[in-house]
Amino acid sequence: MKLGFRIKHYFYNAFREIFVHHHGSLTFRAKLFSLIIAANDHTKIDNFILVKKLGLQIYKEDEERANLLLLSTKELVQKIKEKNDLDIDSLILRIQNELKVVPRYAHKIDIDALKLFLEHSDNEDTLLYQKNIIEFLEKLKNETLTKK
């Protein structure tokens, strides 16, 4: 990524709510991707390449928003891995709470996209754990959409 983008990301990160259009939606998607990626003890670069690819699809080839999604996802995964004020359980709680406040975010839970991350798991236990998380998110999505 370009140096200019990194500087801009640092600035946006500090004032995300003001400068990034629909920052809440982007952050929610980053949380979903981070949840699946962080469930794998051996995070691979392929996971982040997939995030970028999905970001380009979601944001209709908007490179800047796809990069912001990628960097937000990396940031969350890093916090989880470093046990820096975030773990998988607390991230799940944050996702649940956000869905209570903003139920339309349930539409952003793309189960097919999340399943693509399973291809990057090389451990059977990790794969089962990730599948359970995806199953939980699918149930959460359906419950949220039926309450509307």
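# Close-up views

**L54 is buried, its relative accessible area being 5%.** Buried stands for under 20% relative accessible area, exposed for over 50% and partly exposed for what lies in between, with a 1.4 Å probe and protein chains only. The model shown is predicted, and local features are taken where pLDDT is at least 70, side-chain atom pairs where pLDDT is 80 or more, while totals for chains, interfaces and linings use all residues. Residues are numbered from 1 along each chain as its sequence is written, and side-chain values use heavy atoms, with hydrogens and water left out. L54 belongs to helix α4. Helices (H or I, at least four residues) and strands (E, at least two) are DSSP runs, numbered from the N terminus. Which residues does L54 touch, not counting residues up to four places away in sequence? They are F33, A113, L116 and F117. A contact is a pair of heavy atoms within 4.5 Å. The C-alpha atoms of L54 and L70 are 9.5 Å apart in space, and the two residues are 16 apart in sequence.

**The whole protein holds eight helices and zero strands.** Read from the N terminus, the order of elements is α-α-α-α-α-α-α-α. The protein has 148 residues, and 47% of them are buried. Of the contacts between residues at least 6 apart in sequence, 72% join residues at least 24 apart. The accessible surface is about 8800 Å², and carbon and sulfur atoms account for 53% of that surface. Accessible areas come from the Shrake-Rupley method with a 1.4 Å probe, and for residues the cover is limited to the protein chains shown.

**Helices α6 and α8 pack at an angle of about 15°.** Their axes are 11 Å apart. Axes are lines fitted to C-alpha atoms, for helices over the stretch in contact, and angles between N-to-C directions run from 0 to 180 degrees. The two helices α6 and α8 are therefore roughly parallel to each other. The cut-offs are under 35 degrees for roughly parallel, over 145 for roughly antiparallel, 65 to 115 for roughly perpendicular, and oblique for the rest. The crossing of α6 past α8 is right-handed. From α6, the contact is made by I88, I92, I95, Q96 and L99. From α8, the residues in the contact are Y129, F136, L137, L140 and T144. A right-handed crossing has the near helix turned clockwise from the far one by less than a right angle, and a left-handed one has it turned anticlockwise.

**E98 and K31 form a salt bridge through their side chains.** The distance from N to O is 2.1 Å. E98 is in helix α6 (residues 88–101) and K31 in helix α3 (residues 23–38), so that the pair, 67 residues apart, links distant parts of the chain. A salt bridge is a side-chain nitrogen of Lys or Arg within 4 Å of a carboxyl oxygen of Asp or Glu. Are E98 and K31 buried or exposed? E98 counts as buried at 18% relative accessibility, and K31 is buried at 11%. A search of the whole structure finds three salt bridges.

**D122 and K44 meet in a salt bridge of 3.8 Å, N to O.** D122 is in the loop between α7 (111–115) and α8 (124–147), and K44 is in the loop between α3 and α4 (45–58), so the pair ties together parts 78 residues apart in sequence. D122 is exposed, at 55% relative accessible area. K44 counts as partly exposed, at 29%.

**K52 and E63 are joined by a salt bridge of 2.7 Å, N to O.** K52 lies in helix α4 and E63 in helix α5 (residues 63–81), and the pair, 11 residues apart, links distant parts of the chain. K52 is buried, with 18% relative accessible area. E63, with 43%, is partly exposed.

**K60 and E61 lie in the loop between α4 and α5.** What is phi of K60 near? The angle is near 50°, a positive value in a residue other than glycine. For E61, also a residue other than glycine, phi is positive and near 65°. K60 counts as exposed at 72% relative accessibility. E61 is exposed, with a relative accessible area of 60%.
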